[in-house]
Amino acid sequence: MSEFKNLTLDVADQIAVLAISRPAALNALNSETLDELNVALTEIEARDDVKVLILTGGPDKKGNEFKSFVAGADISEMVNFTAPQARAFGIKASEPFFKLMNMRQVTIAAINGFALGGGCEISMACDIRIASENAIFGQPETGLGIIPGFGGTQRLARLVGMGRAKEMIFTCDNVDAAEAYRIGLVNKVVAKEELMPTAKAMAAKIISKGSYAIAVAKAAINNGYDMDIKNAVEMEANLFGVVNDTNDKKEGMGAFLEKRAANLTDF
């Protein structure tokens, strides 16, 4: 793996924990960090020994692990952007964000504090979001005279509905973890000390299933979401055919009929 200035990576038991680590900036996303994320995710996706990626935020400069997931995009970099520079910054962010969305591994955001602006947006690019009870979500961009530029106007509406997305973006009001769960922005809320154990337990449960089948199911969900239902179901039928010609299918169904644990190894 490459060495990174603003990221830390730990791999164990087929789980990669990737932490965004810019302690002095509450893990805000600048161009350098986005470039590093793009490289890291490309390298992780190529690894057969990683089946789930957990994305989280590193501690702040005082060592507080639950201060910030990602506090946003780096305003100190953005303040003098021209229109072309701002557009390029948004496109730069879209590359790693789409990797999180589309990579064959399952991606879980373990949200340990502020998830504002780009932090809320990068969490929404992950497959699953687990929040600590102190997590705070928001899209504050219109209060700065701009709009969300890392996918916020699109992913938020798809997750929580157009009305709630408009309210969050137009008012810049933050929502706490309980409200984020209520509106469907996160899958689960847990006590701070249970955040990483819960994320790793979910990762282990996912790994125990058919990893190739999960990767295909992920692609089916993502690609079918914006299709009309007829074409989406036809696509699903095609992929259903593909997974029926795998070793995992033979092993999984054989184990079921033989009343034993399956050993699913395809990825």
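Is Asp49 buried, partly exposed or exposed? In this predicted model, Asp49 has a relative accessibility of 37%, so it counts as partly exposed. The close-ups below begin with this residue and then move on to helices, cores and loops.

**View 1. Asp49 sits in the loop between α1 and β3 (52–57).** Once neighbours within four places in sequence are set aside, Asp49 is in contact with Val11 and Gln14. Look for Phe267 here as well: Asp49 and Phe267 are 218 residues apart in sequence, but their C-alpha atoms are 9.6 Å apart in space.

**View 2. Gln14 has a positive phi of about 70°.** Most residues other than glycine have a negative phi. Gln14 is not a glycine, and you will find it in the loop between β1 (7–12) and β2 (15–20). With a relative accessible area of 29%, Gln14 is partly exposed. Asp49 from the previous view is in contact with Gln14.

**View 3. Cys172 has a positive phi of about 65°.** Cys172 is another residue that is not a glycine. To find Cys172, follow the chain into the loop between α6 (162–171) and β9 (175–176).

**View 4. Helices α1 and α3 cross at roughly 25°.** Their axes come within 9 Å. An angle under 35 degrees counts as roughly parallel, and α1 and α3 are therefore roughly parallel to each other. Their crossing is left-handed. On the α1 side, the residues that meet α3 are Ser31, Leu34, Asp35, Leu37, Asn38, Leu41, Thr42 and Glu45. On the α3 side (residues 83–102), the partners are Phe89, Lys92, Ala93, Glu95, Pro96, Phe97, Lys99, Leu100 and Asn102. The contact is made up of eight nonpolar, four polar and five charged residues.

**View 5. Helices α9 (residues 211–224) and α10 (residues 229–243) pack at an angle of about 170°.** That angle makes α9 roughly antiparallel to α10. The two axes are 10 Å apart, and the crossing is right-handed. From α9, the contact uses Tyr212, Ala213, Val216, Ala220, Asn223 and Gly224, while α10 brings Ala232, Met235, Leu239, Val242 and Val243. By type, the residues of this contact are nine nonpolar, two polar and no charged.

**View 6. The largest nonpolar core holds 44 residues.** Nonpolar side chains tend to be buried together in soluble globular proteins. Here, the members that touch the most other members are Leu18, Leu37, Leu55, Ile111, Ile122, Phe137 and Leu185. Helix α1 (residues 31–45) gives the largest share of this core, five residues. A second, separate core has 15 residues, including Ile15, Val17, Val52 and Ile206.

**View 7. A close-up of Ile111 and the residues it touches.** Leaving out residues up to four places away in sequence, Ile111 touches Phe69, Ser123, Arg129, Ile130, Ala131, Ser132, Ala135, Phe137, Val186 and Leu195.

**View 8. Lys259 lies in the segment after α11 (247–258).** At 76% relative accessibility, Lys259 counts as exposed. For a sense of scale, pair Lys259 with Asp228: the two are 31 residues apart in sequence and 39 Å apart in space, C-alpha to C-alpha.

Definitions and conventions. Residues numbered from 1 in each chain as written. Predicted model: local features only at pLDDT ≥ 70, side-chain atom pairs only at ≥ 80, totals over all residues. Heavy atoms only, no water. Axes fitted to C-alpha atoms, helices over the stretch in contact; angles between N-to-C directions. Helix = DSSP H or I, 4+ residues; strand = E, 2+ residues; numbered from the N terminus. Parallel < 35°, antiparallel > 145°, perpendicular 65-115°, else oblique. Left-handed = near helix turned anticlockwise from the far one by under 90°. Contact = heavy atoms within 4.5 Å. Nonpolar A, V, L, I, M, F, W, Y, C, P; charged D, E, K, R; others polar. Buried < 20%, exposed > 50% of the residue type's maximum accessible area, 1.4 Å probe, protein only. Core = buried A, V, L, I, M, F, W, Y, C linked by side-chain atoms within 4.5 Å.
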